[in-house]
Amino acid sequence: MTTPTTTPMATTRVAQDLVLELLVNGEPTRRLVPGHRSLLEFLRDELRLTGTKHGCDVGDCGACTVLVDGEPRLSCITLAADCAGTAVETIEGVAVGGVLDPVQAAFDAHVAAQCGYCTPGFVMTLRHLFADNPDATESELRTALGSNICRCTGYVKILTAARDAQRRIQAAR
Amino acid sequence: MSEVRYPTAQGQAVWGHRRAGGTDVMDRLRHGRITGALVDLRDVAGLEGLVALPGGSVEAGAKVTLARLATDAKVRAGWPGLADAAGGLATPQIRQVATVGGSLLQRTRCAWFRSPDFTCHKSGGSGCPALAADHHWNSIFGAGPCVAPHPSTLAVALLAFDGLVLADGRGTLTVPELYGDGQAADREHTLTDEQLLVGIRLPPPLPGATSGWFRTASRARAEWPLVEAVIRLVPGGMRVAVGGVAPVPMRLPAVEAALEAGEGVAAAAKAIAGATSNPGSAYKVTLLERTIATLLERLLAPPGVAP
């Protein structure tokens, strides 16, 4: 935190419309995007990947959660431009060859979706949690899910599905 | 205009709406409250340090995330009330991206300010729809033209530890110097557009101090506090800082004095001196006293005894 010297703005990189190159669900993707566009808008409106949901739009509800380089990110408050060179995973990229992943399979088995609008966000949050910490404790599980809100209040079944998904992932190790 | 600038040096990070974690700016952008260039601080060097200084202070750069601040071993050991606040606000995902600088300089969370359908003192107009509506979030101390309480939980914690704010172009500021008296109709802090908040400094912990954070809110996570407090208990250095009740984070000197006098939990009764409210926010007067009492009960409970 030394005192900086002022440098002319001319040296600053400026992006009004920029060519964005990134991996989306493993696919190399190249699009011209406005600098202000959020990652959520980019995914839904440009790529038509509408599985990622537009909820509160301010980062509170977690419905728009995607993974950016493996980390959960609220795509509504993330600039698409900031994702240049990253690998983004959305709910569309979770099932491989039509086979549900353990988190999706557990949600299906326990009917852990009511209206379903929050479900993609919950699935992405849990995918990250179990990839990062497959032996997560109940406390760690509940803390991680603190980023996602279900307005149907279906938390009991969501937690049941999450615990079952964890068992499935542990059994497959 | 949809321009984003990516400066690499602190001196370039001016002339635009600064953005780091995006938890404030993206909302205002979407609602048309921001037009013009964004200045994305992603590539600006020198704002990510979290370092111990000789003598026991710690400095955290403006881009240090709240999650990092909350889990840093130095911060947890020396300033637990601040670590608890940084690690308990909003949601885990927001704390992963929200930064020290953004938390301190975010704009008011008043719904009328953020709505594209209203104007107010802070959005280029005049008047205060929140005052007219007698809203339940309104301040009960020192309300100026704008009655919205200050939104920064980190600022409350910083105030409780006599923390300092480091600003390029301005120098070292106390929390009251950063925010002023809260009476400015159009802004929440005293930095100019040319001045860049580069970090915070936590003074050395006082020997024997205990501290904590407690908030009352309508939802455990992803919600703004109705009332919150960060308290440091140590003889000769009692601090009671509160948020959700005034246009700036504020200390309660009468409660601090009562704690110095050994009044314990009963000191909370001094919290409400000078409070004024309209009917809509009158509940906050009682809530403030109970919030402080609850935190004091927790901090003063003998070890191993649940309050």
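**Close-up 1. Salt bridge between B:Arg30 and A:Asp57 in the predicted model.** The side chain of B:Arg30 forms a salt bridge with the side chain of A:Asp57, at an N to O distance of 2.7 Å. Three salt bridges are found across the interface of chain B and chain A. B:Arg30 is also one of three residues, with B:Tyr6 and B:Gln93, that supply 20% of the area chain B buries against chain A.

**Close-up 2. Interface of chain B and chain A.** Chain B contributes 43 residues to the contact and chain A contributes 41 residues. About 3500 Å² is buried between the two chains, and carbon and sulfur atoms give 54% of this area. On the chain B side, B:Tyr6, B:Arg30 and B:Gln93 account for more of the buried area than any other three residues.

**Close-up 3. Packing of helices α2 and α3 in chain A.** Helix α2(A) spans residues 102-109 and helix α3(A) spans residues 119-132. The crossing of α2(A) past α3(A) is right-handed.

**Close-up 4. Residues in the contact of α2(A) with α3(A).** From α2(A), the contact includes A:Val103, A:Gln104 and A:Phe107. These meet A:Thr119, A:Phe122, A:Val123, A:Leu126, A:Arg127 and A:Phe130 of α3(A). Sorted by class, the contact has six nonpolar residues, two polar residues and one charged residue.

Terms used:
Residues are numbered from 1 along each chain as its sequence is written. Chains are lettered from A and ligands numbered from 1 in the order in which they are written. This is a predicted model: local features need pLDDT of at least 70, side-chain atom pairs count only at pLDDT 80 or more; totals for chains, interfaces and linings use all residues. Side-chain values use heavy atoms; hydrogens and water are left out. Axes are lines fitted to C-alpha atoms, for helices over the stretch in contact, and angles run from 0 to 180 degrees between N-to-C directions. Helices (H or I, at least four residues) and strands (E, at least two) are DSSP runs, numbered from the N terminus. A crossing is left-handed if the near helix is turned anticlockwise from the far one by less than a right angle, and right-handed if clockwise. Contact means heavy atoms within 4.5 Å. Ala, Val, Leu, Ile, Met, Phe, Trp, Tyr, Cys and Pro count as nonpolar, Asp, Glu, Lys and Arg as charged, and the others, Gly among them, as polar. Buried area is the accessible area (1.4 Å probe) that two parts lose on being put together, summed over both. A salt bridge is a side-chain nitrogen of Lys or Arg within 4 Å of a carboxyl oxygen of Asp or Glu.
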